[in-house]
Amino acid sequence: MKKEMGQPAAENPEKFAGLKLGEPYKVAAGIKAVVVSGEHVFGQVPFARGMKALFTLNQKLGYDCPSCAWPDPDDDRSPIAEYCENGAKAVADEAMSKSIKPAFFAENAVADIAKWDDYHINKSGRIAQPMYLPEGGTHYEPITWESAFAKLALHLNKLESPNEAVFYTSGRTSNEAAYVYQLFTKEYGTNNLPDCSNMCHESTSFALAQTLGIGKGSVKLHDFYEAEVIVILGQNPGTNHPRMLTALQKGKANGAKIISVNPLHETGLLGFNNPQKVKGVLGVGSKLTDIFLQVKINGDLALVKAINRLLLEEEEAHPGTVFDHDFIRDHTAGYLDFISEAKKYELDFLSEACGVPLDEIKEAANLLKHKSKIIVCWAMGITQHKNAVDTINELVNLLLIKGSIGKPGAGTCPVRGHSNVQGDRTVGIFDKPHEALLDQIKKVYGFEPPREHGYDVVKSIQAMHEGKAKVFFAMGGNFLSATPDTTFTAEALRKCNLTVHVSTKLNRSHLVHGKEALILPCLGRTDLDIHDGITQFVSCENSTGVVQMSKGVLKPVSDDLLSEPVIVCRMAKATLGSRSKINWDKFEKNYDYIRDDIEKVVNGFEDYNKRVRQKGGFYLPNGTRIREWDTKNSKANFAVSELVVQKLEEGELMMMTIRSHDQFNTTIYGLDDRYRGVYNERRVIFMNPADILRYGFEIGEVIDLYNHHDGRERVARGFIIVAYDIPQRCVATYYPETNVLVPLSCVADKSNQPSSKSVAVKLRKSSLFEEPIAFKVL
């Protein structure tokens, strides 16, 4: 092995853990998922503490899962296990009793910890007290809360403009914390509020707002039980949203057909052993997908255009039998333009562009043509492309021609990745705030909030890199690992005067820092939040617009932790002092006062404190469910989208980043990806066997991935080739290890969301390893 110095540790492996390869799973969940869940929980959490955490997870009046945003059932929640394997892993990760204290930081220099991989950094434990890294320092040092807030206030108040500060938000932030956070930034004077939605569903929010009038999905969970067809695109529910499998299974039992669209045959799309049913325990799985369409990476727009074209041809051949003309006439605009655009493309061209044989596309169209209860689901396999907004628009076109929205069993279902990313946006976390929200803030609090749009994630990185932003504050998350163009982003963070992270666990963003750095440790979802003798709770919004309480149940691992709302309130008091018009003491003392103010400012939260205490919470209003369109013309709008097929140069392949089964977002729970048959290693690249031969490589060979964009070479070093069923000239790698290859300037049109699922790369023999890696076949 050749060792190369100077690379960020995450991109410079010195050894591999010992790769093992097995057959990909055909069925998700089952008893194996129960066993793995128990191993994760009780391997890190004392038994009584772990049981208490699991039995209250996702229960009415319990606490909300810190993992995905899949909705809880309104009625039939399991009293034993209303959670999935990844939910259990998330709880184990947060509820662990292990903590890291000042001695840990004294013994481990920042530069040394940075050499660890993300898995071992995360396993260090819960952060137990505020920590400070002085300019030129090598080790984090303990600091009091008062001194930390004073230092933060000093930096914020000496900026020449509030717009020199950036305030990032993770999707785990509660409604209450997010509301006071955005309120503080507006009184401070900036709308620089990038958030994780900028990287996951910004394309969704933009497309749906333009076409349907609301940037959220229209379906409720019960709609899955009434649907005739469920279409799933660019999503891996078995790993990323496992509880969705139960809804799909119920829909199938009631007669629904499922069409799955993905470059990979993901286990959760194929079958499901429900561990709460006798058949599931016995290993008798339910088949899920009826039609699987294996598209090329970013072939979805061409595929949906082909389906719409086929439905149009069938409608013209048999008028009135395929399209819902009453709905089109009464509720839509732009229909004729859509028809004109649909006829521009030949079916053979569309089939070649998407990589799916025309006969298979016709099979899907035939299944859809006489159905009207259609749900379309999608996730980041759709949103993280240059043409993401156009693809979502085309999916909306499909629903509009069928009248499949605003009725039971039908509608849009963008599946959000993080537990309250949708709620954060609802209560005001947005770099482009709506005028109505700003007007209400002015009316309620008596100050003029800034109207100028702020920085999103991409613009924030650019501003920090250019020296235009000098203080970076992160409310949760792992900004460095989550964002694109890792090396460029690291350079940007290092140029800041101060970086601050509100966190529960140590992560790589603490190790790539500004001239000074603060870590502010906070309570997690599982933690009891008691102060002034009152047990507090927060609330979250799931993917279907239900807002419900979340009340932690576990004794915190340290007495020196503060909740996110309290941290924001104390930051506000330290920074704004007597010039603030807001009673932050009141908010800090009791979160009911925060909810009272949300009710005054944000539509849909009437009687917030009363309704959120109801078992199961309440639904926010959603016009698409009742066919009321909050658009400029009060109509649901067809959209015209041009198909531009991305051309690869000689030797280039199209790479998409994916999650393993042992991770959630940037949090790495383990080194296995058992559904794909990969064990004990993450630095792998999934390739079509024909491509391995074509480019002169062999299975097990270690390669570097690289590309050139904007005049820079980007390199991800040391990845083992694994043969996999993936379309030719397409490859897949785990996120965040290959985020270094995603150019910051490669974004979705209109939404500015990084296009991490369509990255052109080339391969070459590794500069670190001269011989193929010996791996074990299971």
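Reader: Between which helix and which strand is the loop with Lys-369 found?
Author: The model examined here is predicted. In it, Lys-369 belongs to a loop, with a helix on one side and a strand on the other. The two elements are helix H20 (358-368) and strand E14 (374-378).

Reader: Is Lys-369 buried or exposed?
Author: A residue counts as buried under 20% relative accessible area. The relative accessible area of Lys-369 is 18%. Lys-369 is therefore buried.

Reader: Which residues is Lys-369 in contact with, leaving aside its neighbours within four places in sequence?
Author: Contact requires heavy atoms within 4.5 Å. With the neighbours within four places in sequence left aside, the contacts of Lys-369 are Leu-311, Glu-314, Thr-321, Val-322 and Lys-402.

Reader: Which helices and strand do the buried residues of helix H18 pack against?
Author: In helix H18 (residues 335-342), the buried residues are Tyr-335, Phe-338, Ile-339, Glu-341 and Ala-342. They lie on the same side of H18, because the arc they cover around the axis is only 165°. The elements they pack against are helix H16 (300-317), helix H17 (325-331), strand E13 (332-333) and helix H22 (388-401).

Reader: Which exposed residues does the face of H18 turned away from its buried side carry?
Author: Exposed means over 50% relative accessible area. On the face of H18 turned away from its buried side, the exposed residues are Leu-336 and Asp-337.

Reader: What span should the 13 residues of helix H7 have, and how far apart are its end C-alpha atoms?
Author: The expected span is 1.5 Å times one less than the number of residues. For the 13 residues of helix H7 (residues 145-157), this gives 18 Å. The end C-alpha atoms agree with that value, since they are 18 Å apart.

Reader: Around the axis of H7, what arc do the buried residues cover?
Author: The buried residues of H7 are Trp-145, Ala-148, Phe-149, Leu-152, Ala-153, His-155 and Leu-156. They are on the same side of H7, because they cover an arc of only 165°.

Reader: Which residues are exposed on the other side of H7, and what covers the buried ones?
Author: The exposed residues on the other side of H7 are Glu-146 and Leu-154. The cover over the buried residues includes strand E7 (165-169), H8, strand E16 (471-475), strand E17 (498-503), strand E18 (516-521) and helix H28 (564-576).

Reader: How are H8 and H24 oriented to each other?
Author: The axes of helix H8 (residues 175-188) and helix H24 (residues 435-445) come within 12 Å and cross at roughly 80°. Angles of 65 to 115 degrees count as roughly perpendicular. H8 and H24 are therefore roughly perpendicular.

Reader: How do the residues of the contact of H8 with H24 divide into nonpolar, polar and charged?
Author: H8 contributes Tyr-179, Gln-182, Leu-183 and Lys-186, while H24 contributes Leu-437, Leu-438, Ile-441 and Tyr-445. The residues of this contact divide into six nonpolar, one polar and one charged.

Reader: Where is Asp-195 found, and which residues is it in contact with?
Author: Asp-195 is in the loop between H8 and helix H9 (197-200). Its relative accessible area is 1%, so Asp-195 is buried. Leaving aside neighbours within four places in sequence, its contacts are Tyr-168, Thr-169, Arg-425, Ile-429 and Val-457.

Reader: What distance separates the C-alpha atoms of Asp-195 and Phe-479?
Author: Along the chain, Asp-195 and Phe-479 are 284 residues apart.

Reader: Which residues does Ala-639 touch, not counting residues up to four places away in sequence?
Author: Ala-639 is in the loop between strand E24 (636-637) and strand E25 (653-658). Its relative accessible area is 14%, so Ala-639 is buried. Not counting residues up to four places away in sequence, Ala-639 touches Thr-211, Asn-393 and Asn-397.

Reader: Is the peptide bond from Tyr-735 to Pro-736 cis or trans?
Author: Pro-736 lies in the loop between strand E32 (730-734) and strand E33 (759-765). For the bond from Tyr-735 to Pro-736, omega is near 10°. The peptide bond is cis.

Key: Residues numbered from 1 in each chain as written. Predicted model: local features only at pLDDT ≥ 70, side-chain atom pairs only at ≥ 80, totals over all residues. Heavy atoms only, no water. Axes fitted to C-alpha atoms, helices over the stretch in contact; angles between N-to-C directions. Helix = DSSP H or I, 4+ residues; strand = E, 2+ residues; numbered from the N terminus. Parallel < 35°, antiparallel > 145°, perpendicular 65-115°, else oblique. Nonpolar A, V, L, I, M, F, W, Y, C, P; charged D, E, K, R; others polar. Buried < 20%, exposed > 50% of the residue type's maximum accessible area, 1.4 Å probe, protein only. Arc of directions from axis to C-beta.
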